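Trainee: Hey, can we go through this one together? I'd like to see how the labels get decided.
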Amino acid sequence: MYPIVIAVVVAIGVTAAVTWFAANAYRSGVYEKKIGSAEAKSREILEEAGREAETKKREALLAAQEENLKAKNELDKETRERRAELQRSERRLLNKEESLDKKIDAMERRENSFAAKEEKLNRRTQEADELVAKQQQELERISGLTADEAK
């Protein structure tokens, strides 16, 4: 009976060891499967997060480019308006300058005309004075008296 008991104990021991190794192997397989699944899921989550981050980055870049383009267009519009206003001001100034030049020319012509008339009047006055002096001399000669003697 001892050999049977020993055989049964050995069989139980071997069965227990095989069962323990099989359970361990099964548990390790399940854990590895779970770990592999978790790793795959984490890789998938990371990839999805990376894609989302890239999408957000592109959206932000597009928004920034749109804002930049909008600001550039606004600046261009403002620059065109200022340039047009400057051109209008320049035209007004040129017109005023031309008008002033014309007035100056007219004033110079009038001044020259007045100067010529003044010179002519001065000559005539001088001629008239000379004629008066000649007439007085002639009268003195004809009368034989000087102006003081005639008075």
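Mentor: Start at the end of helix H1: Gly144 follows H1 and has a positive phi, near 80°. Helices here are DSSP runs of H or I with at least four residues, strands are E runs of at least two, and both are numbered from the N terminus. This is a predicted model, where local features need pLDDT of at least 70, side-chain atom pairs count only at pLDDT 80 or more, and totals for chains, interfaces and linings use all residues. Residues are numbered from 1 along each chain as its sequence is written, and side-chain values use heavy atoms, leaving out hydrogens and water.

Trainee: Why is Ile45 called exposed?

Mentor: Buried means under 20% relative accessible area, exposed over 50%, and partly exposed in between (1.4 Å probe, protein chains only). Ile45 has 54%, so it counts as exposed.

Trainee: What makes Arg124 exposed?

Mentor: Its relative accessibility is 55%, therefore Arg124 counts as exposed. Arg124 also sits in H1, residues 2-143.

Trainee: And why does Val18 count as exposed?

Mentor: Val18 is in H1, and its relative accessibility is 51%, so the exposed label applies.
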